[in-house]
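Have the sequence and the structure open as you read.

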Amino acid sequence: MMASEMLALALLAYAAFALPGCYEDAADARLLAHTVCDKTGGCTALTLEYCAAACRALKYGIAGVEAGHACFCDHAVPAGATSTPDAECNATCSGTTSPGQTKERCGGDLRLWAYNATVSYTHLTLPTILLV
């Protein structure tokens with residue numbers, strides 16, 4: 001595969017990885033309806049792939065991570081959801097905190113990083129894509 005083809009593929013993969021983006025959330029009315037795990041436990045090793053795989057297994061198309069330790073799913077981001085700058089979704093996923101690991105972004109304080117759950121993120125991280 002040529003370098004230009006690899007770059008095009010990486011950009012397409014990043015588009016799937018990054019969409020739909022960072023959204024405001026509320027503790028008393030979650031943006032995504034199904035809770036996989038939250039601060040009460042179960043997400044001690046949260047990664048984007050862990051959350052996406054859980055959502056895929058439950059037949060949801062959208063995964064969302066929040067505060068580095070919570071995972072949610074739904075069929076779509078609700079109409080009227082308030083998007084925020086991506087920089088507000090800057091918490092490190094609890095499963096990517098060891099030295100030498102590529103840090104993944106897992107939302108923020110009441111900021112949900114929502115993305116396509118139908119894509120596998122096992123070997124797809126933002127720094128890897130930017131270095132291709």
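## Confidence first

The protein chain has an average pLDDT of 80, and 73% of its residues score at least 70; pLDDT is the predictor's confidence in each residue, from 0 to 100. This is a predicted model, in which local features need pLDDT of at least 70 and side-chain atom pairs count only at pLDDT 80 or more, while totals for chains, interfaces and linings use all residues. Residues are numbered from 1 along each chain as its sequence is written, and side-chain values use heavy atoms, with hydrogens and water left out.

Two stretches call for caution. Over residues 4-18, pLDDT stays under 50, and the model has 19 contacts beyond four places in sequence for them. Residues 123-132 also stay under 50, with 13 such contacts. A contact here means heavy atoms within 4.5 Å. Where pLDDT is low, the predicted coordinates should not be read in detail.

## The overall layout

The chain comes to 3 helices and 5 strands, in the pattern α-β-β-α-β-β-β-α along the sequence. These are DSSP runs numbered from the N terminus: helices are H or I with at least four residues, strands are E with at least two. Of the 132 residues, 39% count as buried. Buried means under 20% relative accessible area, exposed over 50%, and partly exposed in between, using a 1.4 Å probe and protein chains only. The accessible surface is about 7,000 Å², with 60% of that belonging to carbon and sulfur atoms; the areas come from the Shrake-Rupley method with a 1.4 Å probe, and for residues only the protein chains shown count as cover.

Among contacts with a separation of 6 or more, 70% are between residues 24 or more positions apart.

Two strands count as paired if DSSP finds at least two bridges between them.

| Strands | Sense | Bridges |
|---|---|---|
| β1 (residues 20-24) and β5 | antiparallel | 5 bridges |
| β3 and β5 | antiparallel | 5 bridges |
| β2 and β4 | antiparallel | 3 bridges |

Thr35 stands opposite Phe72 in β4.

## The core

The largest nonpolar core has 19 residues, and Cys51, Cys55, Val65 and Tyr115 have the most contacts inside it. Such a core is a set of buried Ala, Val, Leu, Ile, Met, Phe, Trp, Tyr and Cys residues joined through side-chain atoms within 4.5 Å. Two or more residues each come from α2 (48-57), β3 (62-66), β4 (70-74) and β5 (111-116), and α2 gives the largest share, 4 residues. Apart from this core lies another of 9 residues, among them Ala70, Phe72, Val77 and Leu112.

In α2 the buried residues include Leu48, Glu49, Cys51, Ala52, Ala54 and Cys55. Just after α2, Lys59 has a positive phi of about 70 degrees. As for β5, 5 of its 6 residues are buried.

## Two residues worth a click

Glu66 is found in strand β3. Is Glu66 buried or exposed? Glu66 counts as buried, because its relative accessible area is 3%. Beyond four places in sequence, Glu66 touches Asp25, Arg30, Phe72, Cys106, Gly107, Gly108, Leu110, Arg111 and Leu112.

Ala81 lies in the loop between β4 and β5 and counts as partly exposed, at 22% relative accessibility. Leaving out neighbours within four places in sequence, Ala81 is in contact with Tyr23 and Leu31. Ala81 and Glu24 are 57 residues apart in sequence, yet 7.4 Å apart in space, C-alpha to C-alpha.
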